[in-house]
Amino acid sequence: MKKEYLQQFYKKSHVEKLEALWEAEAISEEDYERLKNNTLTLPQDVANEMIENHITNYEFPFGIAMNFVIDEEEVLIPMVTEEPSVVAAASNSGKMIGLSGGFQTEMKERLMIAQIALKNVSDVEHAKKVIQENEERIIELANAAHPSILNYGGGARKVEVRLLPADAEFETPEFLVVHLIVDTGEAMGANIVNTMAEALAPYLEELTGGESLMNILSNYATESLATAKCVIEPKYLATITMDGETVRDRIVEATQFALADPYRAVTHNKGIMNGIDAVLLATGNDWRAVEAGVHAYAAKSGQYRSLSRWTTDADGNLVGELTVPISVGSVGGTLSIHPGAQFAYRLLGQPNAAELSRILVSVGLAQNLSAVRALVTEGIQKGHMSLQARSLAIRVGATGENIDKVTKRLQEAKHMNSETAKKIMKELTEEK
Ligand code: NDP
């Protein structure tokens, strides 16, 4: 990638941005044309086959976060989001982290879990024993239900049994839950593991004498944990009014607050998901699946806590670390049909599912740094307000060069609201 063409990307016009991406060799000539002609949208007839009662398509903005260096590789991050400042914040942190060496990531394994929930098992100890004794047969049956996964190097890997005791407080009975752990290759794997789980249920009923209640993937993807780390020199954290060491210490304290308090942790983690969700949406992945798993992981200690940790190392650097469960695919799902998602993959350099997971967790950590740094320095509103002013200007009908004019006057006004924006629009018309 010829990075020099992407300098001050945010200042370029739409056409200049597309040209810069092409000149930087970040996109192909075909994609340059597709972007210019706006043909990366989802065709109506395809959408009509995707959901029920389809009447139209609903669009979101697609942007690119700059400055990311992940495992020593420069990556342009596709983000689909409706929220102003998310892309700018990611790019800003990407730069700060990039100056200090970028992100180091890790993903040891990428396995999905299917649950077969059995009820009315009369002898649970015997049931556990027979399931463990027949693990090989269970794996064989699972693979036979979706044999093509073996061609992709995947397949069922192991079987685990969990006994959920009855609980008088919630009036829940005892459940014996069989977990089938599956390597789903490059797929997210929901359909693959669901097929396997359903196929196993009759055999497990026969083995245990129990009755299957349901057979389905768990979105708590604890066997697919991705981690990103970064080390930042304090000088890169400084703001106009605060030195780097003070910002560093306040970021550490902000995480301590989010580790201790669920009310803060939810918002802290929402900031992380601002980044992760935007990339999931851009790449056509199931963001609800990842969201659900991530929040459960935040509560793994019994209390909902911050997912990220910011600490200081012996040299006085700020050290960030984020681990989250990520279940994504580089094949199948929406990616197989959405031209925009396919473009996002090309922009990322066609990562495999594990590489995409590493990118996602890095973006989450970057987004978290930006949010927390803003909160412990000038506050979030200052940066947000200029973008909100722009949205407000557009909302009251400003177009072309009027958008900048209305935005500027709105920021200078005592009250930034639609009434003021309408007044400014009127003034501008009268001035003309
Ligand atoms: P798909 O069924 O769309 O894709 C998986 C298929 O891709 C495989 O069965 C295989 O089909 C093909 N494939 C091609 N190359 C590979 C490869 N290298 N590795 C693995 N498979 C490959 O999707 P998933 O099973 O991944 O399921 C994801 C979808 O399921 C998402 O859209 C999600 O929203 C949805 N979903 C989610 C649920 C949840 O999260 N709780 C529940 C139910 C559905 P073949 O063998 O035919 O080539």
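This is a predicted model: local features need pLDDT of at least 70, side-chain atom pairs count only at pLDDT 80 or more; totals for chains, interfaces and linings use all residues.
In which sense, left-handed or right-handed, does helix 5 pass helix 8?

Let's start at the ligand. The shell around the ligand has 21 residues, and the closest are Ser-148, Tyr-152, Gly-189, Asp-286 and Gly-333. Sorted by class, that shell divides into 10 polar, 9 nonpolar and 2 charged residues.

Now, which helices supply at least two residues each to this shell? They are helix 7, running 148-151, and helix 8, running 190-208. Helix 8 gives the largest share, with 4 residues.

A polar backbone atom of Gly-333 sits 2.8 Å from an oxygen atom of the ligand. For Asn-191, a polar backbone atom and a ligand oxygen are 3.0 Å apart. Then there is Ile-192, where the distance from a backbone N or O atom to an oxygen atom of the ligand is 3.5 Å. As for cover, the ligand on its own would expose 940 Å², and the protein buries 67% of that area.

Back to helix 8, then, and to my opening question. Its partner here is helix 5, residues 124-133; the two axes come within 9 Å and cross at roughly 130°. That angle is why helix 5 counts as oblique to helix 8. And the answer you were waiting for: the crossing of helix 5 past helix 8 is right-handed.

One further pair of helices, and then I'll hand over. Helix 15 covers residues 402-412 and helix 16 covers residues 418-431; their axes come within 10 Å, with a crossing angle of roughly 125°. How do these two lie, then: parallel, antiparallel, perpendicular or oblique? Oblique to each other, because of that angle. Helix 15 also passes helix 16 in a right-handed crossing.

Definitions and conventions: Residues are numbered from 1 along each chain as its sequence is written. Side-chain values use heavy atoms; hydrogens and water are left out. A residue is near a molecule or strand if one of its heavy atoms lies within 4 Å of it. A polar contact is a pair of N or O atoms within 3.5 Å; within protein, one must be able to donate a hydrogen and the other to accept it, and residues adjacent in sequence count only if both atoms are side-chain atoms. Accessible areas come from the Shrake-Rupley method with a 1.4 Å probe; for residues, only the protein chains shown count as cover. Ala, Val, Leu, Ile, Met, Phe, Trp, Tyr, Cys and Pro count as nonpolar, Asp, Glu, Lys and Arg as charged, and the others, Gly among them, as polar. Axes are lines fitted to C-alpha atoms, for helices over the stretch in contact, and angles run from 0 to 180 degrees between N-to-C directions. Angles under 35 degrees count as roughly parallel, over 145 as roughly antiparallel, 65 to 115 as roughly perpendicular and the rest as oblique. A crossing is left-handed if the near helix is turned anticlockwise from the far one by less than a right angle, and right-handed if clockwise.
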